[in-house]
Amino acid sequence: MAGTVLNLPGGQLWLALGGLILLVIAGSQLYTAYGAKFMKRVVFTDLPQRTCDLLKRTGQVGIASRGVLMVIIGVFALLAAWHRKASETVGISEALTWLDRKSTRLNSSHRCISYAVFCLK
């Protein structure tokens with residue numbers, strides 16, 4: 001897909017624009033997670049406060065995980081546009097693999113849980 005975009009007239013600009021759009025969306029996701037903005041649409045009835053807090057934190061982790069993945073994918077798209085190399089773009093799988101290689105604290109179970117929460121939305 002990135003190779004097709006780069007071959008279009010102004011393809012480098014289009015790919016960079018796609019990367020920037022992903023970064024803006026990622027920022028929005030991170031802002032939503034930090035402020036728990038999604039809680040405006042969620043109503044818990046007859047649940048203990050501790051359970052409500054756990055569900056809120058789970059939502060924050062899931063949305064933040066999606067935001068981090070979008071940041072990684074957006075940065076790689078910008079780099080691919082800058083270098084004019086479509087092979088430098090990454091998808092979700094490659095972004096998770098890159099993140100796993102860069103982080104000594106993130107093991108496979110955390111990665112799987114983050115991806116599962118990402119898929120729920």
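Modeller: What follows takes one surface patch and then the elements linked to it.

The model is predicted, so to speak of local features a pLDDT of at least 70 is required, side-chain atom pairs count only at pLDDT 80 or more, and totals for chains, interfaces and linings use all residues. Residues are numbered from 1 along each chain as its sequence is written, and side-chain values use heavy atoms, with hydrogens and water left out.

The part in question is a nonpolar surface patch made of Leu30, Val68, Val71, Val75 and Leu79, with about 320 Å² of accessible area together. Patch members have over 30% relative accessible area and no salt bridge; nonpolar side chains (Val, Leu, Ile, Met, Phe, Trp, Tyr) are joined within 5 Å, and like charges within 9 Å. A salt bridge here is a side-chain nitrogen of Lys or Arg within 4 Å of a carboxyl oxygen of Asp or Glu. Areas follow Shrake-Rupley with a 1.4 Å probe, and for residues only the protein chains shown count as cover.

Helix α3 (residues 49-83) gives the largest share of the patch, 4 residues. Helices (H or I, at least four residues) and strands (E, at least two) are DSSP runs, numbered from the N terminus. Val75 belongs to α3 and counts as partly exposed because its relative accessibility is 36%. Leu79, also placed in α3, is partly exposed because its relative accessible area is 38%. The scale is: buried under 20% relative accessible area, exposed over 50%, partly exposed in between (1.4 Å probe, protein chains only). Leu79 lies 9.5 Å from Leu15, C-alpha to C-alpha, although 64 residues separate them in sequence.

α3 has 35 residues and spans 51 Å from first C-alpha to last, close to the 51 Å expected at 1.5 Å a residue. The expected span is 1.5 Å times one less than the number of residues. After α3 comes Arg84, with a positive phi near 55°.

α2 has 25 residues and reaches 36 Å, close to the 36 Å expected. Thr32 sits in α2 and is buried because its relative accessible area is 18%. Leaving aside residues up to four places away in sequence, Thr32 touches Lys37, Phe38 and Ile63, where contact means heavy atoms within 4.5 Å.

The loop between α2 and α3 holds Ala36. Ala36 has a positive phi near 55° without being glycine, and it is buried because its relative accessible area is 10%. Asp46 is in the loop between α2 and α3, again with a positive phi, about 60°, although not a glycine. Asp46 is exposed because its relative accessible area is 81%.

As for the setting, the protein chain has 5 helices and 0 strands. Buried residues make up 28% of its 121 residues. Among contacts with a separation of 6 or more, 62% join residues 24 or more positions apart. The accessible surface of the chain is about 8300 Å², 64% of it from carbon and sulfur atoms.

Confidence comes last. Mean pLDDT (the predictor's confidence in each residue, from 0 to 100) is 81 for the chain, with 82% of residues at 70 or more. Confidence is highest in α2, at a mean of 91, and lowest in helix α5 (residues 108-120), at 65. Where pLDDT is low, the predicted coordinates should not be read in detail.
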